[in-house]
Amino acid sequence: MFKRLFLSVATVVAALCVAPVACAADAWPAAKPLTLIVPVSPGGNVDTTARLVAQKLSERLKQSIIVDNVAGAGGVLGVAKATHAAADGYTLVMGFDGPVSVARLINPAVKYDAETALAPVALVTTAPVVLLARPGLPATNMQELIALARSRPDTLTYASSGVGTVLHLAMEVMQEQAKVKLVHVPYRGGAQITNDVMGGQVDLGLLVTTSATPLVQQNKLRALGLTSATRIATLPDVQAFAETPELKGFELNTWTGVFVPTGTPPEVVRRLNQELNAVLQMSDVQKRLAEGGAIGGQGSPEAFAAFLKKEKDVYAHIVKSANIQQE
């Protein structure tokens, strides 16, 4: 009798211990608004993508989503904030390649390990980088640029959005494959790159397609190539790097994706993944993304995790090969 009583009490206690977690997960997201941390300033391509996704996701979840821009250190401050947030399903972060996969490879001051501190939910977009030329540069495609660079070693300059960004890494790979040497000029943002390429202060500049596409379409700047494996619909006349014999097989794209703090209930992660995939299948969302040269992501959290592992291995190889370190 006492044994049966003990088992009954133990069962009740166990149920009481588990119940709050189960109830909290079942109630999600009814308890309070969600927060989407965006680790960049308002107005850029990561921010506009995040706001588009937040609006549509809010409508599907029938819950408000607060967009919290936490800019600084190339996205590191915002991602760091997300790694310290409660793992209750109410804090999300729109991560991207730099602060999630590259920052810790090039800067020992970055204390978080995104691979263990954040749980992947869904890949949101991938987008190639566009290489733009200043007016008057005697090169109209990558083949001609490589020939020009070989005739002027360590002379041609190119602007990227900073040391260790995917824009910088893409050019390091290009130089290694083509056996040329250019001079890197790191900038803080796309607007300054655009102005200085237009003004001839630098020979070349790199921008993500979401920023570069309107400049090329309006003939404000000439594009020499794309870092995607093939051409894209919004810039059909711009060659992919891989079409140049010296750059065969070249592919290196930027990406964005949604993460939550590690430890977030699995059922919440699954629900978020389902809803995000539904958002990315909406025709108006696909249209908005395509207009900027981006491709909407799809797939499970596990598929996103595999994607991240592959990308990080590529970044690690480039960083080591080019000896890239952030000062």
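**The sheet and its surroundings**

Reply: In this predicted model, strand E5, residues 129-133, pairs with E9 in the antiparallel sense, and four bridges join the two strands. Within this pairing, Leu132 has Ala223 of E9 as its bridge partner. Both strands belong to an open sheet of five strands, whose order is E7-E6-E8-E5-E9 and whose pairing is mixed. Strand E7 (183-186) and strand E9 (222-226) stand at the edges; each has a single partner strand, and therefore one side of each is left without a neighbour in the sheet. From one strand to the next, the twist averages 30 degrees.

Helix H7, which covers residues 166-178, packs on this sheet. The helix touches E5, E6 (157-160), E7 and E8 (204-208), and its direction makes about 145 degrees with that of E6.

The loop between H7 and E7 contains Lys179. Most residues other than glycine have a negative phi. Lys179, however, has a positive phi of about 60 degrees although it is not a glycine. Its relative accessible area is 68%, and because a value over 50% counts as exposed, Lys179 is exposed.

A second residue of this kind is Ala73, whose phi is positive, near 55 degrees, although the residue is not a glycine. Ala73 lies in the loop between strand E2 (65-69) and helix H3 (76-83). With a relative accessible area of 57%, Ala73 is exposed as well.

Most peptide bonds are trans. Trp28 and Pro29, by contrast, are joined by a cis peptide bond with an omega of about 5 degrees. Pro29 belongs to the loop between helix H1 (2-27) and strand E1 (34-38).

Helix H2 (residues 45-61) and helix H10 (residues 266-280) pack at an angle of about 120 degrees, and their axes are 10 Å apart. Their crossing is right-handed. From H2, the contact is made by Val53, Lys56, Leu57, Arg60 and Leu61, while H10 provides Arg271, Leu272, Glu275, Leu276, Ala278 and Val279. Sorted by class, this contact of H2 with H10 has seven nonpolar residues, four charged residues and no polar ones.

Technical notes:
Residues numbered from 1 in each chain as written. Predicted model: local features only at pLDDT ≥ 70, side-chain atom pairs only at ≥ 80, totals over all residues. Heavy atoms only, no water. Pairing = 2+ DSSP bridges. Axes fitted to C-alpha atoms, helices over the stretch in contact; angles between N-to-C directions. Contact = heavy atoms within 4.5 Å. Buried < 20%, exposed > 50% of the residue type's maximum accessible area, 1.4 Å probe, protein only. Left-handed = near helix turned anticlockwise from the far one by under 90°. Nonpolar A, V, L, I, M, F, W, Y, C, P; charged D, E, K, R; others polar.
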